[in-house]
Amino acid sequence: MTLAAPKTLSARTSRHNALVLAAAQATVGSAAPAAFAVAALAGSWLLSEDKSLATLPVTGFNVGVALAALPAAALMRAIGRRAGFMGGALITAVGGFVSAMALFTHNFWLLALGMVIIGAGGAFVQQYRFAAIDGASPSFRPKAISWVLAGGVFAAVIGPQVVRLTADRFLPTQFVGAFLGTAVLGLLGVLVLALLRPPEAERQAHRVDELPARPLLQVMRQPRFVAALICGVGSYSMMSFVMTGAPLAIVGCGYSTDISTLGIQWHVMAMFAPSFFTGDLIARYGKERMVATGLGLIAASAVVALSGLEIWNFWLSLILLGMGWNFAFIGSTAMVTDCYRPAEKNKAQGAHDLILFAVVAFSSFMSGRILAASGWEAMNYVVFPVVGIGLLALVGLSRTKGRGLLRG
């Protein structure tokens with residue numbers, strides 16, 4: 001018998017937290033699209049020879065997320081969600097300043113380090129979706145995840161617009177404004193996250209029975225966790241893989257940097273806009289069906305990309321890629337939350353994101369190399385086997401006793 005937080009928060013507090021985290025997603029979360037929009041281009045600008053390394057700063061971001069996933073979870077377990085998230089927003093701000101300094105000093109490797117730091121701050125942003133369900137009722141959890149990711153709609157506008165509005169502010173040094181804007185967004189996020197009311201703030205001094213935490217490997221060996229991880233990793237890695245190379249491919253086809261930035265804006269908008277109704281769709285059709293639909297949309301994005309090099313091919317492909325990521329990632333995240341007990345949440349969430357972003361980091365690194373070596377078409381052909389593996393994982397789960405595609 002131990003002291004523990006109430007099993008559920010009030011509905012009002014759960015909604016309040018989801019809205020605060022959505023606002024934080026809109027501010028701190030804007031750092032990622034702002035940085036992604038220019039990181040590869042900035043890397044290419046800094047490199048005089050081997051342009052295949054141009055996407056390495058984007059890889060640095062994903063490495064930062066992966067490396068910080070478990071420490072971020074451990075820190076929040078020690079000091080609470082609110083203080084931890086505020087610290088994460090400060091880390092994002094520091095990364096923005098370091099990246100801007102890298103451009104001023106024309107230092108490619110310092111840019112990569114700055115993106116690693118921004119990524120470390122991003123590890124805390126990735127925990128927003130899990131924090132939204134802390135203490136929430138089971139019926140509200142898919143909606144809470146959707147509400148938080150819906151904040152990304154504003155991030156889709158804010159991030160790229162920061163790039164466009166600051167593009168010429170520091171010439172002849174390019175792209176500095178985007179990273180200084182990233183730092184400002186991180187600082188604003190600290191103020192937003194101070195409004196969070198995490199479950200520890202409503203802790204009650206009464207004794208409750210709580211199931212003990214199982215070993216991490218026992219949690220992760222569950223068929224549902226494995227299938228969710230495969231689908232989450234597959235959808236996120238392919239989104240990052242294609243999105244990372246897209247700006248270079250668009251500019252390489254003779255289009256302007258402005259056109260490339262708008263393409264990323266439409267892509268990020270498509271990643272988060274469906275979140276306003278994804279939770280309702282999951283409640284109606286089930287998590288696994290929504291994941292399968294998302295994987296199908298990712299495959300469709302590759303088909304569109306392979307059908308031509310007109311600007312509409314790039315933009316429509318990026319839009320479908322974003323929508324597919326939304327359905328597959330929210331659905332797989334909701335599946336993961338079915339697999340652990342309250343006492344296991346921090347280590348299960350941290351381990352999930354460590355694996356997820358380690359693979360995403362590798363995919364973003366390979367994006368530049370495959371684009372340089374084999375071209376845009378080869379990148380899109382990679383999508384099909386990865387999507388196929390995810391669909392096979394769902395089929396395997398449907399054959400597991402007591403679970404199926406008709407269950408949410």
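Is Lys-287 buried or exposed, and what is its relative accessible area? Please take the salt bridges around it from there.

Author: Lys-287 is buried, because its relative accessible area is 10%. Buried stands for under 20% relative accessible area, exposed for over 50%, and partly exposed for what lies in between, with a 1.4 Å probe and protein chains only. The model is a predicted one, in which local features need pLDDT of at least 70 and side-chain atom pairs count only at pLDDT 80 or more, while totals for chains, interfaces and linings use all residues. Residues are numbered from 1 along each chain as its sequence is written, and side-chain values use heavy atoms, with hydrogens and water left out.

Lys-287 forms a salt bridge with Asp-338, and the closest N and O atoms are 3.2 Å apart. A salt bridge here is a side-chain nitrogen of Lys or Arg within 4 Å of a carboxyl oxygen of Asp or Glu. Lys-287 sits in helix H13 (residues 287–306) and Asp-338 in the loop between H14 and H15, so the pair ties together parts that are 51 residues apart in sequence. Helices (H or I, at least four residues) and strands (E, at least two) are DSSP runs, numbered from the N terminus.

Asp-338 also forms a salt bridge with Arg-224, where the closest N and O atoms are 3.1 Å apart. This pair links distant parts of the chain, since Arg-224 belongs to helix H10 (residues 223–252) and Asp-338 to the loop between H14 and H15, 114 residues apart. Arg-224 counts as buried because its relative accessibility is 4%, whereas Asp-338, at 39%, counts as partly exposed. With Glu-288 included, Arg-224, Lys-287 and Asp-338 are linked in a network of salt bridges.

The structure holds 4 salt bridges. One of them joins Glu-344 to Arg-214, with the closest N and O atoms 2.7 Å apart. Glu-344 lies in the loop between helix H14 (311–336) and helix H15 (345–374), and Arg-214 in the loop between strand S2 (207–208) and helix H9 (216–220); the pair links distant parts of the chain, 130 residues apart. Both Glu-344 and Arg-214 are buried.
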